[in-house]
Amino acid sequence: MLHIYCPYCEEHREEEEFHAKGEAHIARPADPDNTTDTEWGDYLYFRKNPRGLHHEMWVHALGCRKFFNVTRHTVTYEILETYKMGEQPTQGADA
Amino acid sequence: MQRYSGFGLVKHALDHHENWQRIWRNPKPKDHYDVIIVGGGGHGLATAYYLAKEHGITNVAVIEKGFLGGGNTGRNTTIVRSNYLWDEAAHLYEHAMKLWEGLSQDLNYNVMFSQRGVLNLGHNLQDMRDIQRRVNANRLNGIDSEVLDTQGVQEIVPHMDCSPNTRYPVLGASWQPRAGVARHDAVAWGFARAADAMGVDLIQQTEVVDLIVEDGGIVGVETKQHGTIKAGKVGCVVAGNSGVLAKMGGFRLPLESHPLQALVSEPIKPILDTVVMSNAVHGYVSQSDKGDLVIGAGIDGYNGYGQRGSYPTIEHTLQAIVELFPIFSRVRMNRQWGGIVDTCPDACPILSKTPVENLFFNCGWGTGGFKATPGSGHVFAASLAKGEMHPLAAPFSIDRFHTGALVDEHGAAGVAH
Ligand SMILES: Cc1cc2nc3c(=O)[nH]c(=O)nc-3n(C[C@H](O)[C@H](O)[C@H](O)COP(=O)(O)OP(=O)(O)OC[C@H]3O[C@@H](n4cnc5c(N)ncnc54)[C@H](O)[C@@H]3O)c2cc1C
Ligand SMILES: [Zn+2]
């Protein structure tokens, strides 16, 4: 069971209170009407899916209900840091 | 290859079963192969088998980083069915089903394919409407499929709680009588043995660490244990690690890798002679020939390559099973494990060419590819042999994530299995 620190509640809580929401820091194309099919498909479906460090979004669904970001290792599952939306990670991800 | 038969069994009994031939060789890799298959799971081994058998291409190696069938093939809960909604998927899975029906004879290896039927339960009116739609679609595609009401379900599974007092009453089910289960290890071993007999080299304990690309085309693979091995064509069939291999080739796939867990109970006397699945309470169960209940449910929500998952997922799975079968509440669980499944946005596989010439991928089977093993190998082998995707594989190209022609099977894929 993962033990996750919510940066808004400022507490560690059990995994059961959270939901994983996929890769973090994906920017929606600024001008959707003028993106190519390739750009739009990449935005919708293609993910880094790294074997190693990953930046991902989680939501504290049964707590404050806020979204935040996590840097986590996808093999050991170790969580290196959590940080608020809009903030930047201190640890790089494996591409 | 020594053929297996009842007579052979008697003959070997006379010398105390000490003279059975090893079921495959353990060759040193050659410098060059016509085709290299990366990944020795069921799909990779089936591909090699059909390459040799149907296309006469025998200068083939299957390169596996661990042992044959040690990935998802040996970790899955072995449900086989073909009642998918959309034509593209239904045709592919039904193609596999037809091959399953003759597979033990074809391989001269008992894969213990048991057509004990599969029930997909409906617990509310919308479930039942979706089931009716899917069953009608199946029938138009020539796939055996029926809608059952509560009583029909209760007759097939007398021990299930079908009373109206449950929290999620069973209103009915779709029923595919030709569906069932097979023995996962035997499928890997049967394909491996038959492929080896035709000259395919099975190279175990050898990890591919790079794909060698020259002038936009694949020329070989770099391995950790045996250095460079050259190839005319390469097919990657590595399930949860597909993204890692794609990165070596310099492109991305629309896949995410997740842990998927399963459990088996202590062996008990025969109590369940079919397969029960429920999307709504989210769990499924069958009973193996050894007597253990084989149980599974959903993926862990986060990305993971760790071949293990979280306890909450196990708890939810067992809650679902006990909801359906209160009688199982005191059965003890024996073992639990996880595999890494490569989930695709439309719950359908990817069988495709790639941006690298002569490099092909067969992946994205996610939580439900065991059932497709022979069909997947069959059409992928044809695609590798001809250099053009087989008609049944063509709708599953990577391009669909840019053209928008997805094949949305989330309904039929349902509970992850
Ligand atoms: C718990 C669980 C339950 C499931 N239940 C069902 C079910 O009931 N019905 C169903 O239809 N499907 C089910 N599935 C899905 C099914 O198991 C898979 O879709 C299918 O087995 C995939 O087969 P494969 O041969 O493609 O992959 P695998 O069997 O995973 O084979 C891939 C192989 O590639 C190897 N590999 C990876 N990277 C490298 C490398 N760099 N170099 C060399 N080798 C490499 C791996 O070691 C592995 O052996 C389940 C999966 C799991 C995990
Ligand atoms: Zn919180």
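Predicted model: local features only at pLDDT ≥ 70, side-chain atom pairs only at ≥ 80, totals over all residues.
1. Buried here means under 20% relative accessible area.

2. Which strands pair with strand 18 of chain B, and in which sense? Strand 11 of chain B, residues 227-236, pairs with strand 18 in the parallel sense, over 3 bridges. In that pairing you can find B:G235 opposite B:F360. Strand 17 of chain B pairs with strand 18 in the antiparallel sense, over 4 bridges. There, B:L351 stands opposite B:N362.

3. As background, most residues other than glycine have a negative phi.

4. The loop between helix 4 (103-107) and strand 4 (118-122) of chain B holds B:N108. B:M112 has its place in the loop between helix 4 and strand 4 of chain B too. Phi is near 55° for B:N108, a positive value in a residue other than glycine. For B:M112, phi is also positive, near 50°. Are these residues buried or partly exposed? B:N108 counts as buried at 10% relative accessibility, while B:M112 is partly exposed at 32%.

5. **A buried aspartate in a loop.** Now find B:D346, in the loop between strand 16 (333-343) and strand 17 (350-353) of chain B. With a relative accessible area of 1%, B:D346 is buried. What does its side chain reach? The side chain of B:D346 comes to 3.0 Å from the backbone nitrogen of B:V407. Leaving out residues up to four places away in sequence, B:D346 touches several others, among them B:R400, B:F401, B:L406 and B:H410.

6. B:N141 sits in the loop between helix 5 (125-140) and strand 5 (146-149) of chain B. Its side chain and that of B:H91 are joined by a polar contact of 2.9 Å. Apart from its neighbours within four places in sequence, B:N141 is in contact with B:D87, B:A90 and B:H91.

7. **Around ligand 1.** There are 39 residues around ligand 1, and those that come nearest are B:E64, B:N72, B:T73, B:T77 and B:K371. A polar side-chain atom of B:T73 is 2.6 Å from an oxygen atom of the ligand. Backbone atoms take part as well: a polar one of B:H43 lies 3.0 Å from an oxygen atom of ligand 1, and a polar one of B:G368 lies 3.2 Å from an oxygen atom of ligand 1.

8. **The zinc site in chain A.** Which residues coordinate the zinc ion (ligand 2)? They are A:C6, A:C9 and A:C64 through SG and A:H60 through ND1, at 2.0 to 2.3 Å. The angles among the 4 donor atoms are 106 to 116°, and the site is tetrahedral. For reference, the ideal angle for four tetrahedral donors is 109.5 degrees. The donor residues have the spacing C-x2-C-x50-H-x3-C in sequence. A:C9 lies in the loop between strand 1 and strand 2 of chain A and A:C64 in the loop between strand 4 and strand 5, so the pair ties together parts that are 55 residues apart in sequence. A:C9 is partly exposed, at 25% relative accessible area, and A:C64 is partly exposed at 27%.

9. **Chain A as a whole.** Chain A has 1 helix and 6 strands, running β-β-β-α-β-β-β from the N terminus on. Of its 95 residues, 34% are buried. Its C-alpha atoms fill a box of roughly 45 × 25 × 25 Å along the principal axes.

Methods. Residues numbered from 1 in each chain as written. Chains lettered and ligands numbered in written order. Heavy atoms only, no water. Donors = N, O, S within 2.8 Å, 3.2 Å for Na, K, Ca; no water. Tetrahedral: all angles 85-135°; square planar, octahedral: opposite > 155°, others 65-115°. Helix = DSSP H or I, 4+ residues; strand = E, 2+ residues; numbered from the N terminus. Buried < 20%, exposed > 50% of the residue type's maximum accessible area, 1.4 Å probe, protein only. Polar contact = N/O pair within 3.5 Å; in protein donor to acceptor, adjacent residues only side chain to side chain. Contact = heavy atoms within 4.5 Å. Pairing = 2+ DSSP bridges. Near = heavy atom within 4 Å.
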